[in-house]
Amino acid sequence: DLARHIAALANHGGGKIVFGMTDEMRFAGVNPYPNINYDRDLIAGVVKKYLEPPFQCDVHVIKSAAGNDHPVIIVPPHGATPICAKASGPMVAGRTTGISQGTYYTRKPGPESAPILTGAEWAPIIRRCAMHDRAAVLGAIDSALRGGPALSTATTDNLKTWHDAAHAAFLQDL
């Protein structure tokens with residue numbers, strides 16, 4: 001289940017998983033797995049075993065006012081490639097649980113981590129992939145149109161400056 005949630009958050013643009021809290025940020029009760037040390041190595045092992053391409057999550061433990069420890073997994077957004085399940089979860093009673101090999105997940109209302117099923121669900125993921133790899137895409141387009149070398153670093157830097165300013169203005173207007 002953890003691998004599915006990490007994949008879904010990465011494909012949704014990143015996020016945080018907070019253990020021991022409900023979705024309403026209330027205490028969820030006593031930790032049913034008190035002997036598990038949720039650290040960067042444990043989460044990296046889950047990502048490496050179940051997800052492709054691999055990426056690194058950060059892990060922090062926060063202490064609530066009541067003195068309870070709450071591990072927090074910080075999941076980065078996917079890069080130029082969306083995150084896919086490379087292995088299925090364990091078999092329980094003859095059924096695969098948690099995550100299914102070859103499936104792409106995202107966050108959906110509910111909230112839930114579920115497979116991507118429609119073009120509308122793919123659209124923001126494809127947009128983030130393109131934006132992540134925009135310098136290479138712009139360089140390839142420029143090279144194809146000009147028939148010459150790709151964009152220079154200075155041109156790419158100017159485009160990034162313009163993009164960042166336009167994005168900031170958009171967010172301010174929003």
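**Figure 1. Y104 is partly exposed, at a relative accessible area of 28%.** Its ring partner W122 also counts as partly exposed, with a relative accessibility of 25%. Buried means under 20% relative accessible area, exposed over 50%, and partly exposed in between, for a 1.4 Å probe and protein chains only. The model is predicted, so local features need pLDDT of at least 70 and side-chain atom pairs count only at pLDDT 80 or more, while totals for chains, interfaces and linings use all residues. Residues are numbered from 1 along each chain as its sequence is written, and side-chain values use heavy atoms, with hydrogens and water left out.

The whole structure holds 2 aromatic pairs. In the pair shown, the ring centres of Y104 and W122 lie 5.2 Å apart and the planes meet at 65°, so the pair is edge-to-face. The two residues are 18 apart in the chain: Y104 is in the loop between β7 (95–96) and β8 (105–108), and W122 is in helix α3 (residues 119–132). Rings of Phe, Tyr and Trp (its six-membered ring) pair if their centres lie within 6.5 Å; planes under 30 degrees apart are stacked, over 60 edge-to-face, and the rest tilted. Helices (H or I, at least four residues) and strands (E, at least two) are DSSP runs numbered from the N terminus.

**Figure 2. Helix α2 (residues 40–50) has I43, V46, V47 and Y50 as its buried residues.** Seen down the helix axis, these buried residues fall within an arc of 95°, so they line one face of α2. The arc is taken from the directions from the axis to the C-beta atoms. Residues three or four places apart point the same way because an α-helix has 3.6 residues a turn. D41, K48 and K49 are exposed on the other side of α2. Packed against the buried residues are α1 (2–11), β2 (51–52), β3 (58–63), β4 (69–75) and β5 (84–85).

**Figure 3. R4 is a buried residue of helix α1.** Its relative accessible area is 17%. Leaving aside residues up to four places away in sequence, R4 touches G98, I99, Y105 and S113. Contact means heavy atoms within 4.5 Å.

**Figure 4. The largest pocket has a volume of about 370 Å³.** Its lining has 15 residues, and K16, I17, V18, D23 and R107 lie nearest the centre. Two or more lining residues come from each of α1, β1 (15–18) and β9 (112–115). By class, the lining has 7 nonpolar, 3 polar and 5 charged residues. A pocket is an open set of points on a 1 Å grid over the protein atoms alone, where a 1.4 Å probe fits, with protein on both sides within 12 Å along at least five of seven lines; lining residues have an atom within 4 Å of a point.

**Figure 5. The second largest pocket holds about 280 Å³ of space.** F19, G20, G29, N31 and P32 are the closest to its centre among the 15 residues that line it. This lining divides into 9 nonpolar, 5 polar and 1 charged.

**Figure 6. Cis peptide bonds join E52 to P53 and G110 to P111.** Omega is about -5° for the bond between E52 and P53, and P53 lies in the loop between β2 and β3. For the bond from G110 to P111, omega is near -15°; P111 is in the loop between β8 and β9.

**Figure 7. A93 has a positive phi, near 55°, in a residue other than glycine.** A93 sits in the loop between β6 (91–92) and β7. With a relative accessible area of 80%, A93 is exposed.

Notes
Grid points are joined across faces, edges and corners, and a volume is the space filled by probe spheres set on the points. Ala, Val, Leu, Ile, Met, Phe, Trp, Tyr, Cys and Pro count as nonpolar, Asp, Glu, Lys and Arg as charged, and the others, Gly among them, as polar.
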